[in-house]
Amino acid sequence: MKVGIDKLHFATSHLYVDMAELATARQAEPDKYLIGIGQSQMAVIPPSQDAVTLAANAAYPMLTAADIEAIDLLIVGTESGVDNSKASAIYVAHLLGLNRRVRAIEMKEACYAATAGVRLAQEHVQAHPDKKALVIGTDIARYGLKSAGEPTQGGGAVAMLISADPQVLALSDQSCLLSEDVMDFWRPLYHTEALVDGKYSSNIYIDYFQDVFKGYLEATETQPEALTALVFHLPYTKMGLKALRSVLPMVDEAQQATWLAHFEHARQLNRQVGNLYTGSLYLSLLSQLLTDPDLKAGDRLGLFSYGSGAEGEFYTGELQANYQQGLDLGLPQRLTKRQRVSVAEYERLFNGQLAWKAEDQDLDYQNDPHRFVLAGQRDEQRQYFDQQAEKQL
Ligand code: COA
């Protein structure tokens, strides 16, 4: 029985900052950000969006009443959680109106957690083929204003419906995993911004990729040429390119050119959004499937997931006949319709997020066009609002 991704949707903010403008403001050469980092635009997440609202905004447009009826597992992967105890998945299940008989949990392992969710959901559906699982990777990547990591920020959520006989991608049963205790990136409980040893983490990423990629090929007796394209976790798009280049000597020149050409499609949408931690690999998959004209049913894609700390996994998926039907087809156009903000406005919004204090707070969400917004905090409880239904949730 085939099990895999049946639907794949994405949500981010309606605001972005231009990376050439940000580079100039930081006294850097624009090409450092545009080419050296590989980012053209960066999503600016307003205070009225958090990991919960981004997740709900990603999932609700793709879910039918029948999907909602069949979903008995919701896994939210995030490292931007809103509570130390309560799972963001509980809020998301409420916003989406999921069945009360759903198992709703939050998972954490840096940028890897959504992949853990997909793999567990896959096993769940294999055991219960009439059920569906919803897996969402949702994050706001924050390194801090004027930090070295600043140009690798961004945010958004990717929602995936996992089912039997999936429309989009049938996932391999086998995968290759690696996890070890590495201090390349972390966020202590008292920090709102991540701590990172950037160069070290980039090297560990490549080491992990080589290890699990080769481990998968060996264990499954797969020739690298059997993989049409390789899709990567993209904290910034140059990172995936570096990892891809590191394995090019394994294949002949024609295959190298094929992989490099496919990779340009896989990074197209990530270039416009920036980092989204857990959802990053799956936005790249969506980018590949939406923008690459040289894919066909039966093609096998390799997926590399990496979470600092560190955990990596490589697995594959087989493209299904009507894969376009399960995709967020309006996404490229939505990204072009976003509103550009100045560096000063981006800094104001960056500093305006809900404060970590007990007092009641109101957030300005009037200009946020998304259905689900964070309206503020009352009695130390987050206040979510459904703008379409005009109702407090
Ligand atoms: N034109 C073209 N390229 C340029 C350039 C220019 N004018 N100026 C610099 N560059 C290139 C550099 O050569 C370098 O490329 P390389 O990495 O291929 O060698 C790249 O731009 C970045 O320059 P660098 O000086 O290394 O940048 P930095 O010290 O400011 O830091 C990161 C870059 C990525 C390390 C930093 O943004 C960071 O720490 N980000 C977070 C890392 C992360 O996401 N880790 C998690 C991994 S999952």
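Here are some notes on this predicted model, point by point.

1. First, some ground rules. Residues are counted from 1 along each chain as its sequence is written, and side-chain values use heavy atoms, with hydrogens and water left out. Since the model is predicted, local features need pLDDT of at least 70 and side-chain atom pairs count only at pLDDT 80 or more, while totals for chains, interfaces and linings use all residues.

2. Let's start with the rings. There are 19 aromatic pairs in the structure. Rings of Phe, Tyr and Trp (its six-membered ring) pair if their centres lie within 6.5 Å; planes under 30 degrees apart are stacked, over 60 edge-to-face, and the rest tilted. Take Phe185 and Tyr277: their planes stand at 85 degrees with centres 5.7 Å apart, so this pair is edge-to-face.

3. Where do Phe185 and Tyr277 lie in the chain? Phe185 is in strand E9 (residues 185–186), and Tyr277 is in the loop between helix H10 (268–273) and helix H11 (280–291), so the pair links distant parts of the chain, 92 residues apart. Helices (H or I, at least four residues) and strands (E, at least two) are DSSP runs, numbered from the N terminus. Both Phe185 and Tyr277 are buried. Buried means under 20% relative accessible area, exposed over 50%, and partly exposed in between (1.4 Å probe, protein chains only).

4. Ring pairs tie together Tyr205, Tyr208, Phe209, Phe213, Tyr216, Phe232, Trp259, Phe263, Phe304, Tyr306 and Phe314.

5. Cys111 is buried, with a relative accessible area of 8%, and Cys176 counts as buried at 16% relative accessibility.

6. On to the ligand. It has 18 residues around it, and Lys32, Ala148, Ser201, Lys238 and Lys242 come nearest; a residue is near a molecule or strand if one of its heavy atoms lies within 4 Å of it. A ligand oxygen is 2.7 Å from a polar backbone atom of Ala148. In the side chain of Ser201, an N or O atom is 2.8 Å from a ligand nitrogen, and in that of Lys238 an N or O atom is 2.8 Å from a ligand oxygen. On its own the ligand has 980 Å² of accessible area, and the protein covers 71% of that. Accessible areas come from the Shrake-Rupley method with a 1.4 Å probe.

7. Finally, some backbone details. Gly309 and Ala310 are joined by a cis peptide bond, with omega about 10 degrees, and Ala310 is in the loop between strand E12 (300–307) and strand E13 (311–319). Gln27 is not a glycine, yet its phi is positive, near 55 degrees. Gln27 lies in the loop between helix H1 (19–25) and helix H2 (30–37) and counts as exposed at 72% relative accessibility.

Terms used:
A polar contact is a pair of N or O atoms within 3.5 Å; within protein, one must be able to donate a hydrogen and the other to accept it, and residues adjacent in sequence count only if both atoms are side-chain atoms.
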